[in-house]
Amino acid sequence: MRKGANAELASLTEAAGPVTVALRWSDPAGGTAAGGGEADVAALLLGASGKVRDDADFVFYNQPATPDGSVQLLGKTPTGGGSEDRIMLDLASLPADVERVAVTASRYAGATFGDLDDLGLTLYDSSGAALLGFDITDAAEETAFVFGELYRRGGGWKFRAVGQGYATGLAGLAGDFGIAVDDREDEERPVQPAERAEEAPAAESREEAPTAEPEAAAPVPERVPDARSAPRRRVRTAKKRSTLPKAAKVDLADHPSWQRARLFSVAGLRSEHEREVRATSTLLAVMTEVPEFGRRLTARFGAPAGTLQTFVETPFKHGDTKVRPDGVVRVARAGRIWTALIETKTGGSPLKAEQVEAYLEVAARNGYEAVITLSNDLALDDEHPLTVDKRRLRKTALRHLSWAEVAHEAHMLCHHHGVAGSVHAWMLGELLHYLRHDGAGCQGFRDMGPSWVPLRDAIAAGTLRPGDRHAERVAESWERLVRQLCLRLGGETGLNVAPVARRRRSGAATRRAAIAASLVESGRMDAELRIPDAGGPVRVEADLRTGRIETSMEIPAAVRARALTRVQWLLRQLSDAPPELRVEALPDGRGEGPCDLLKNLRSEPGLLVPGSGDLTAFRLTLPTGMGTRRGTDETGFVRSVDAAVDRFHSEVLSVVRIEAE
């Protein structure tokens, strides 16, 4: 869409139910600039005056939903090229006196939208189909933006591409719509459930939909006092943090062989079918009993907020036979029921296209909204692991969820964002223990696939050539492994960890072709992970020729008068780091400088002082041996990559503190 253009939603889709607005961006600096490459979305419900009716109409990170649930923040998710933040709007449930909903975003810590690439918006219907897109290409010094707005017209709803920026941040933007904010930092305190922003991964879409002829754009209101909508208090926009306490664990066992009693046991599982049945029932039961967790998962698929019920092994007639999806999820709200059928796989069991197509037919015949597949596979760029007849998707959406993503959401709630009470936190902890147990078959991506050994052998023999199908398949598996690394690191840190895209708007095929080309040319695969508040992106490189994994990061040197003092500043922080850590000094931003092992530098720090130029940064690299097998056994590649990144994070990254300039 062009800036100022508009489109009527009824002309773009026949799907009923909520729509989702996804705001996207990517950080070319890899999250090293102010603001960590992130932004925060917000929605404002506006009356005929162009102002909010009261403070409850301001939906943002400290108030992630309206009281009636008609507008909800679904949270940030990493994408192939950056980050995406989604807002769900149930337009049919909005109060009649709400005329417009403004969709906005803001940055913090002095960061501007001009620092970001690929700034834009995509509107999805309830089936997950992209209806329209709007790119913002003129961002500069703005710290807040109105991306677009949904507004009533002739008994229906339309969308307008606004693209108006503010240099006054969230406070200035909110003030123009009748919200007075207080951005002072709160003291750390427990967060109430209504204050926790939810997260939902989502896919990128760049498709543009036809737009109607531009109407006269509604002017953005000026800061004029309005007695009707004047807020009665100042909304707190300082970010709040969860302080869910960690209970002390006292071990009363007389012997190490004693096993603690668990709510969800993995004992007695003799077949893959039994694993699937127990995993499905366990997950759906916890979704029902822990509302924050259930909502976090169902929001991924466009379900409304409401009363959640789940069922297992529900029979449906299909032709002359019956089919039994592993589960059914239903959400009731405002007299309507949203329904999804669930197909579950555990371990290495593959999803079956004919089985899923049968469920799609059943769902379409019954008017159900979605079929959700759940397995250890990870969907990349919203590419479903299965290829099905697209005619089956006209009435019912097909979505996918990985067990690794389920565990990530549970971990984030249990250890970082918090839940309503200690019992709910305990239930999530028990679910996590179950999902991570080897016997449950729900550990996520664990196998590089059958192309791994032929590829490794071809590299060793020097016979790998461009276009080799094994290189392309391993490149796709590498992307899945990297995405799972981001989920695991995000769970450990409580931050939004995402892959860094080297090419702006690089699609899945382009990224995988680049990885395959690197395998052919040098026998290497690499990726960069953006971790907010870190000195720079973490680079992971696997060299199949040498059998080594190197994990590295560049950090800025402290501002000190002498280069030796800057070296000593770093070495003090690395006092307990592995002796084989490689430390390189980067003078004047150049790519190479003095380099030595940490064990040598501890006695002779002067080895790192450059002969000429000002020491501006350090590169820290931790080498690790690489497993040759394709999976997660003791000598497996997947396990060795996990271990290398975990070790670098715990022994290097977590102990280095970046000094502010």
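Guide: Welcome! Two strands pair when DSSP finds at least two bridges between them; strands (E, at least two residues) and helices (H or I, at least four) are DSSP runs, numbered from the N terminus. What you see is a predicted model, where local features need pLDDT of at least 70 and side-chain atom pairs count only at pLDDT 80 or more, while totals for chains, interfaces and linings use all residues. Residues are numbered from 1 along each chain as its sequence is written, and side-chain values use heavy atoms, with hydrogens and water left out.

Visitor: Which strands stand at the edges of the open sheet of seven strands?

Guide: With antiparallel pairing, the order is β21-β22-β23-β24-β27-β25-β26. An edge strand has a single partner, so one side is left without a neighbour in the sheet. That describes β21 (498–499) and β26 (595–597).

Visitor: Which residue in β22 is the bridge partner of P499?

Guide: β21 runs antiparallel to β22 (residues 524–530), and two bridges join them. In β22, P499 is partnered by L529.

Visitor: At what angle to β22 does helix α9 run?

Guide: Helix α9 (residues 508–522) lies across both β22 and β23 (538–543). Axes are lines fitted to C-alpha atoms, for helices over the stretch in contact (heavy atoms within 4.5 Å). Angles run from 0 to 180 degrees between N-to-C directions, and for α9 against β22 the value is about 135°.

Visitor: Are α5 and α8 roughly parallel or roughly antiparallel?

Guide: Helix α5 (residues 403–417) packs on α8 at about 10°, with the axes 8 Å apart. Angles under 35 degrees count as roughly parallel, over 145 as roughly antiparallel, 65 to 115 as roughly perpendicular and the rest as oblique. Therefore α5 and α8 are roughly parallel.

Visitor: How many residues of helix α1 are buried?

Guide: Helix α1 spans residues 169–176 and is mostly covered. The buried ones include L170, L173 and D176. Of the eight residues in α1, the number buried is six.

How values were computed
Buried means under 20% relative accessible area, exposed over 50%, partly exposed in between (1.4 Å probe, protein chains only).
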